[in-house]
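Here is a short report on one structure. Look at the sequence and the 3D view, then read on.

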Amino acid sequence: MTARSLRGMAAATLAGALAITAAACSNPGATGAGSAAQDSAVVGIAYEPETLSPLLGYGKDGNSKIFDGLLAFDDDLRLKPALAVALPEVSADGLTYTYTLRKGVTFSDGKPFTAKDVVFTYRTILDKKTNNASKTELDALEDVKAVGDDTVVFTLKYPYAPFAQRTVLAIAPEHIAAGQDVNSGPFTTRPIGTGPYVLTDWSKGEKISFKANPHYWGGAPQVKKFTMAIIKDDDVRATRLRSGDLDGAILPPNLAKGFTNDKAKKTYAAKTYDYRLVTLPTHNRVAGDTAVRRALDIAVDRQAMVDKILEGAGKPAYGPVPTGSEWFTKGTERPHDLAKAKKILDDAGWKPGPDGIRVKDGVRAAFPLWYLSGDKLRQDHALAYASDAKKAGIEIKTQAGTWEVIEPRMKHDAVLAGGGSPGDPDFDQYLLLKSSLGGDGFNNMAWYDNPAVDKALDDGRTTDDKTARKAAYDTVQRELVKNPGYTFLTHIDHLYVVSDKWSGLSTQVEPHDHGLASGPWWNVEDWIPKDAKK
Amino acid sequence: MTRRVPWAAMARMAGRRALFAVPVLLAVTFGVFAVAAASPFDPVKAYAGTAGLTASQDNLDQLRANLGVDQPLVSRWWHWLGSAVTGDLGDSSVMRQPVADVIAERIGWSALLAGAAFAVAIVLGTALGVLAARRQGGWLDRSVTSAAYTLEAAPAFWLGLLAIWFFALKLGVLPAGGLTDTASDTVTFGQVASHLVLPALVLGVSQLPWFFLYVRQGVADALDEDPVRGARARGLNERTVLLGHALRSGMLPMLTLIGSRVPELITGALLVESVFSWPGIAAATVQAATSVDFPLLAALTVLATAAVLLGNLLSDLLYGLADPRVGFDG
């Protein structure tokens, strides 16, 4: 009796399960078809963007593949026209920026690009209901208006010299994005833009695939198919590069070294503004003391960190501006000088106690230093810093934690942090050093408070005169020598290993945050396949 | 010999269970909201990602209000419940998509993986169980049984990493993860099949020991019982005795097992999908949890709870059918 009905039941269940499975088979987001392999490139990156919608922050720094900004950066980070035909006309008071738009540009769905799209994009980003976490970057923007179909006028609340650099921001199509929920509509995962590539598939956590936009206004790219595989683990990325699954990848220095003898691959070291620093909180009785700050600033052996931790792929950092930049103030380099550090502390009344740790007015020269757990690079920097400080008689206890643990402690405890953005010096210095931003999110983590710096930061962002601006940022860097509220340690090179199959590869100066816009593939649309003989 | 299937009794049982499921689901969703609210993760920070590190506090506060996470726990849960009942599951903050879309895109792949793994576990477990029971104490029995106990203790993600290391990195015969090859963006049968092998095997093998041990014990016990002795005495061949008599009664405890393994299968899938970058709902659950994405997390938990309740119902129904003495009173 039972066995037959049982078997029938089991078969029915199985059949049902299979039917459901078969019916539901569609790859999340998959749409298009692939092309030939000869003109395609696959690269491995570590982080994927949270969204592909410019309205939510994607492509705000350019190189978005799918979209274009009004302007774009070239390989030297100079601005060049993109969707605008020329650099903007700026009014004498620095409050009005006028852009003339390129004619005949279409979105990849064939609809024309007009001034209305620009106005829509900027207004939507500024809208309170839009969940865009980078909105702060457009703080200076009062309003944007279209004048006819091909002119756009931006009005600012206050003169903001680096504003033009913000307009590399990607432009979204009004006719598609306007009709849907800006925060969760289909546009956020299936974007349509004017850019050199069209998204074919975004399988979250796995890969993002693009195909060339044949109607691109800048000429159709020669690399017809471009895929970015998201591989968080460095070792797995290196293995897949070696096995040929990837054509290129970002790698840490120790793994990149393994490819130096591979003739078929080239290593590119991108210069960066990516610094590692130690915050010295103003509200900590030890770290807030100017003598301790100055002593630590010269007790630390930056060159040893570059050689040992970065294996030479980086530079000592003396401030937020890398030594190679035109904005760097010559003469603010500080050599490693332990004897002088000890003298500064002695003179200030920090006398060595019985255990070798200095004491002043009953306060022991000791404070905790947090680093992000799991981040090997930060851990190494933190340990090296603590060991250098120990030699000068300052005890630093390193502790690992996640941001949830670290954030509430930032006011009093030191943190091994990273940051930096290229382009205008205002971009990261204002957020890092302005006293009014102390404790504002992750801005000015050390609660640095220096009136001379505050004034220079304001001067620097409100004038358009290059010499005056240079003078302002020179003041900031000199003040940081007198009262270093942060100990800057290193600027880190980003290393990329790429198959030598294309010409035209270069790297831009890169920011701390290096997502898919960085790396030699920042301009994959301009790559030219070398005569493929395979 | 044939008995009519007692549809009415079965339907009554299913109805009772459905009524019972309502308070369970309510409690589970509230529990998810409470646990997520108590977790140290900040949904706003998770939403903003790296941009959050340079965003102003105003900007972050605005985000908090927009995402609705500044509301107290109970009102947030009540609001979610109110829309969920009308069929609106809300928007996932981490995926930037409506929750219903996230689930629709992914549930098929999860069902495929879990179905394949379940099939592997049941088929292999039964076959090995019967073979081991036939010659208890033989080399096959001894080696498979000890392997099964070892596997019971091995976590699925560890098995997954081991499989990737061996099959993908050392031998290079199977892909290490994903649904299709990196360079390909069309979903073809062959691609999916080759990418399914490793995760399905790992998930199946992690469930296998329970099925194997149950079948082995059941069949071994049945072989000692009167019906089998009678069948042998009547001169039936060994094959008929083993499959027709011993396996049939030895399978009974396995029916309960199918239901009770569903939760294990779901937790196993959480780990396996993450390890193999399989684009299913289990991988999305992990992301939803670490980003404190309330709507997505709640919807996925409801789904998992429903799967467990359904699994239990199914196994009780099957058991009732197989052994009428049990009935459908539960």
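Two residues are in contact if their C-beta atoms, placed from the backbone, lie within 7 Å. Helices (H or I, at least four residues) and strands (E, at least two) are DSSP runs, numbered from the N terminus.

## The model

This is a predicted model, where local features need pLDDT of at least 70, side-chain atom pairs count only at pLDDT 80 or more, and totals for chains, interfaces and linings use all residues. Residues are numbered from 1 along each chain as its sequence is written, while chains are lettered from A and ligands numbered from 1 in the order in which they are written.

## Two helices in chain B

In chain B, helix 7 spans residues 156-170 and helix 8 spans residues 189-223. Their axes (lines fitted to C-alpha atoms over the stretch in contact) lie 9 Å apart, at an angle of about 140°. Angles run from 0 to 180 degrees between N-to-C directions. Helix 7 and helix 8 of chain B are therefore oblique to each other: under 35 degrees is roughly parallel, over 145 roughly antiparallel, 65 to 115 roughly perpendicular, and the rest oblique.

Which residues of helix 7 of chain B meet helix 8 of chain B? They are B:Ala156, B:Leu159, B:Gly160, B:Ala163 and B:Phe167. Across from them in helix 8 are B:Leu198, B:Val202, B:Leu203, B:Val205 and B:Ser206.

## Where the chains touch

Chain B gives 54 residues to the contact, and chain A gives 56 residues. On the side of chain B, the elements that give two or more residues include helix 5 (99-134) and helix 13 (294-322).

## A record for chain A

UniProt, in an unreviewed entry, lists residues 79-435 of chain A as "domain: Solute-binding protein family". Such annotations may be inferred rather than shown by experiment. Over this stretch the chain is 25% helix and 24% strand.
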